[in-house]
Amino acid sequence: MGGEEAVSLRLDAPQPPSVPPDGIRILSRRERPDVVEAMYEVYVECDQDVPGSSGPLTLEGWRALDIDRPSRSPDLSFVAFEGDEVVGYAVADLFGDEAHHGFTAVKRAWRRRGIATALKRAQIAAATDLGLKRLATGSEERNLPMRRLNAKLGYRPDPELSVVVLRGPVQE
Ligand SMILES: CC(C)(COP(=O)(O)OP(=O)(O)OC[C@H]1O[C@@H](n2cnc3c(N)ncnc32)[C@H](O)[C@@H]1OP(=O)(O)O)[C@@H](O)C(=O)NCCC(=O)NCCS
C-alpha cells in the first residue's frame, strides 16, 4: 500500500492563466451543472489507473462524494469538453480561506495534451479570484503522473499538511 504525499500551492504570487489545448473548452461546474453522468463515465475509466484503487464507486456513491457534498465548490470544480463530449474533470472542496483538490481525471484517449494542466490552472485562477490563500492536495506516492503534474504547477511538500503513514503490521 502506498502513502499520501501532501503538497500545496501558496496563492501569494501571480500564476499563469489556464490555456486549454486546441479544441478543448474548460467550464466550471457552476456553468455546466448538467453533465454529471458524463463526468461519472470519466471517473469510471480513470479510477482504474489510480494506484491502490479498490474499484469504482456506484453512481450514487460517487455523486455524493464528488458532486453533492456541502464542501464541494462548483466554482472551483471544472469540466473539460471536446465538442459536447466530457473528456476530463477536476473537483475541489472549499474550507474557509483554502481549498483542497479532489479527483483530477482525463480520459485515456485525451491524455498528455495538457488537459489536466489546464483544468488545474483553471482551479488555481478561480481560487485566486476568491481570495484563497492556499490550495492543498494529496497524491498517492505511486501516482507518478499526478505527482509530476503537481510539481510542474509549483505544488511543494507542505509540513503543515503532513500525515503519518503507517506501513506493515501495527504493534499491539
Ligand atoms: C493524472 C492525469 C489526470 C493527467 O492528465 P493529463 O491531461 O494527461 O495531464 P497533462 O497532459 O496536463 O500532463 C502534465 C504533466 O503531468 C506529467 N504527467 C502526466 N501524465 C504522465 C505520465 N503518464 N507519466 C509521467 N508524467 C506524466 C508530465 O509532467 C506532464 O507534462 P509533459 O506531458 O509535458 O511531460 C491522468 O493521467 C489521469 O486521469 N490519470 C488517472 C486518474 C488519476 O490518477 N488522477 C489523479 C488522482 S487525483
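Predicted model: local features only at pLDDT ≥ 70, side-chain atom pairs only at ≥ 80, totals over all residues.
Colleague: Why are H1 and H2 called roughly perpendicular to each other?

Modeller: Their axes cross at roughly 100°. Angles of 65 to 115 degrees count as roughly perpendicular, so H1 and H2 are given that description. The two axes come within 11 Å.

Colleague: What makes the contact of H1 with H2?

Modeller: H1 gives Val36, Glu37, Met39, Tyr40 and Tyr43, while H2 gives Leu59, Trp62, Arg63 and Ile67. By class, seven of these residues are nonpolar, none is polar and two are charged. Tyr and Trp count as nonpolar here, and Glu and Arg as charged.

Colleague: Why is the aromatic pair of Tyr40 and Trp62 called tilted?

Modeller: The structure holds six aromatic pairs. In the one formed by Tyr40 and Trp62, the planes are 55° apart. Under 30 degrees would be stacked and over 60 edge-to-face, so an angle in the rest of the range is tilted.

Colleague: How do you know that Tyr40 and Trp62 pair?

Modeller: Their distance is 5.4 Å centre to centre, and rings pair if their centres lie within 6.5 Å. Tyr40 lies in helix H1 and Trp62 in helix H2, so the pair ties together parts that are 22 residues apart in sequence.

Colleague: What makes up the lining of the largest pocket?

Modeller: The lining divides into 17 nonpolar, 15 polar and 15 charged residues. Among the 47 lining residues, Val50, Phe103, Thr104, Asn143 and Met146 lie nearest the centre of the pocket. Its volume is about 1400 Å³.

Technical notes:
Residues numbered from 1 in each chain as written. Heavy atoms only, no water. 1 Å grid on protein atoms, 1.4 Å probe; cavity = no way out; pocket = protein on both sides within 12 Å on 5 of 7 lines; lining within 4 Å. Points joined across faces, edges and corners; volume = space filled by probe spheres on them. Axes fitted to C-alpha atoms, helices over the stretch in contact; angles between N-to-C directions. Helix = DSSP H or I, 4+ residues; strand = E, 2+ residues; numbered from the N terminus. Parallel < 35°, antiparallel > 145°, perpendicular 65-115°, else oblique. Contact = heavy atoms within 4.5 Å.
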